[in-house]
Amino acid sequence: MPARILVADDDTTLQRLVLHTLKNEGHEVIVVGDGQQALDKIESDKPDLVILDVMMPVLNGFEVCAHLRENPATMTLPVIMLSGLGQVQEKVTGLKAGADEYLTKPIDPRELAVRVEVLLQRNRVLRASATSKAGNVISLIGAKGGVGTTTLAVNLAAVLAQQGKSVILAELRNDFGTLSAQLRATPDKGLSDLLKMDAGAITDRVVSSHLYATHFHVRVLFGPQQADAYGNLDAAHTGAILGHMMTLADFVLIDLAPIASVVTETAIKSSNHVFVTTEPEIASVAATTLRLKQIADWASNVAVSVIIVNRQGTMLLALREIENRLGRRLAGVVPPSAEALGVAIQYGTPLALYQSNHLAMSNIRDLATRLAANQPLTPSA
Ligand SMILES: Nc1ncnc2c1ncn2[C@@H]1O[C@H](COP(=O)(O)OP(=O)(O)OP(=O)(O)O)[C@@H](O)[C@H]1O
Ligand SMILES: [Mg+2]
């Protein structure tokens with residue numbers, strides 16, 4: 001199938017060879033002579049594959065590749081690097097920068113043609129499977145800490161899985177969250193391992209192999225489990241991990257720490273939907289107002305739903321009053337379920353499985369059903 005391929009190389013002999021080879025295969029070829037032109041053309045002409053020489057003026061091939069991998073729009077663009085440098089170290093640098101293939105000069109035209117074809121085909125398959133997954137990303141964040149965000153995330157994930165959806169639940173935070181304790185899991189792999197890798201080297205397969213399979217058919221990416229494994233999750237890693245998770249499931253639920261950080265910001269910017277959890281009392285509602293403002297500043301178009309978790313069983317503020325203070329309708333109320341949750345945690349299982357007919361679950365199931373059907377979560381007006 002003909003594709004559009006960008007070739008960035010300042011060596012005119014090689015340019016001609018590559019151009020000739022690819023045109024023979026029926027591809028459309030765009031040629032540029034330096035790294036900056038390559039980035040500009042990739043943005044404007046959106047090629048299906050890129051061939052980069054390592055040694056180029058302005059930006060070298062490694063630098064161009066690293067830029068591509070940091071940008072969500074080009075994160076999965078297939079990249080072949082060409083170099084006269086045959087050393088293993090150079091090859092490793094290229095692969096770490098995120099190149100899919102590394103070919104050393106002199107280039108054999110037949111080998112180049114085959115590599116291009118294989119990469120294009122792989123990307124077509126990946127894209128097809130990505131679109132077959134809904135790739136819905138939902139962030140959950142508390143207006144403040146301890147309001148029941150993780151509990152909601154676990155049960156929403158479990159219910160979506162019960163409804164036949166493929167679901168990933170990811171704890172994207174730099175320090176310990178309570179997900180493993182809630183599930184009584186002792187994960188031997190997770191986010192900390194991904195943080196040790198270069199963002200460009202993280203692939204869908206790598207992400208998939210770090211997911212923990214639970215008994216309720218949700219795959220979980222656990223956050224750091226030990227203080228000495230606490231990480232420094234930057235935008236590039238967050239974007240790469242999320243970008244790949246989207247292609248692996250119908251729904252990706254992200255359990256975020258209730259703090260402003262580059263992780264939280266990147267996750268929210270990549271989400272289709274954000275759930276803000278809060279409690280029915282004055283201070284929590286005030287914190288909710290600030291959280292909503294923060295989210296709107298980061299991502300003005302993302303759909304946001306506020307969920308009240310009534311842990312105490314006393315509505316210190318009436319729902320109408322909360323809605324007035326927030327200037328918006330609420331998407332749902334999770335009733336008190338401390339006792340049932342306590343037992344479910346002892347068994348390391350979500351309430352959705354332990355007591356699927358609990359009142360709290362019928363509300364969460366309703367949210368999941370509307371999410372899966374792509375219906376609005378908040379009543380209009
Ligand atoms: N609907 C509920 N009724 C009663 N208790 C609840 C409810 N939901 C959660 N809880 C309890 O509240 C406590 C905090 O829950 P959880 O860990 O889910 O909150 P969190 O907002 O994720 O906290 P953190 O800020 O530490 O991440 C837990 O003991 C949990 O069992
Ligand atoms: Mg939590």
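Reader: What makes this chain a case of two domains, and where do they run?
Author: The model is predicted. Its domain assignment gives domain 1 as 4-130 and domain 2 as 134-372. Such bounds come from an automatic or database assignment.

Reader: How far apart are the centres of domain 1 and domain 2?
Author: The centres are separated by 38 Å, taken over C-alpha atoms.

Reader: How do you know which residues of domain 1 are in contact with domain 2, and how many are there?
Author: Two residues are in contact if their C-beta atoms lie within 7 Å. By that test, 12 residues of domain 1 are in contact with 11 residues of domain 2. On the domain 1 side, α3 (61-70) and α5 (109-132) each supply at least two residues. Helix α3 gives the most, with four residues. By class, this side of domain 1 has seven nonpolar, two polar and three charged residues.

Reader: What makes a set of residues a nonpolar core, and how many residues has the largest?
Author: The members must be buried, of the listed nonpolar kinds, and joined through C-beta atoms within 7 Å. The largest such set has 72 residues. Leu156, Ala157, Val167, Leu169, Val252, Leu253 and Ile254 have the most contacts inside it. Helix α6 (residues 149-162) brings the largest share, nine residues.

Reader: Which residues is Val167 in contact with, leaving aside its neighbours within four places in sequence?
Author: Among them are Ala157, Leu160, Ala161 and Val218. Ala249, Asp250, Phe251 and Leu253 are in contact with Val167 as well.

Reader: Which residues does the second, separate core include?
Author: That core has 31 residues, including Val18, Leu52, Met81 and Leu82.

Reader: What makes a residue part of the shell around ligand 1, and which come nearest?
Author: Its C-beta atom must lie within 6 Å of the ligand. There are 19 residues around ligand 1, and Gly145, Gly148, Thr149, Thr150 and Thr151 come nearest. Helices α6 and α14 (338-347) each supply at least two residues of this shell. The largest share, three residues, comes from α6.

Reader: How do the residues of that shell divide by class?
Author: Eight are nonpolar, 10 polar and one charged.

Terms used:
Residues numbered from 1 in each chain as written. Chains lettered and ligands numbered in written order. Predicted model: local features only at pLDDT ≥ 70, side-chain atom pairs only at ≥ 80, totals over all residues. Nonpolar A, V, L, I, M, F, W, Y, C, P; charged D, E, K, R; others polar. Buried ≥ 20, exposed ≤ 12 C-beta atoms within 10 Å, placed from the backbone.
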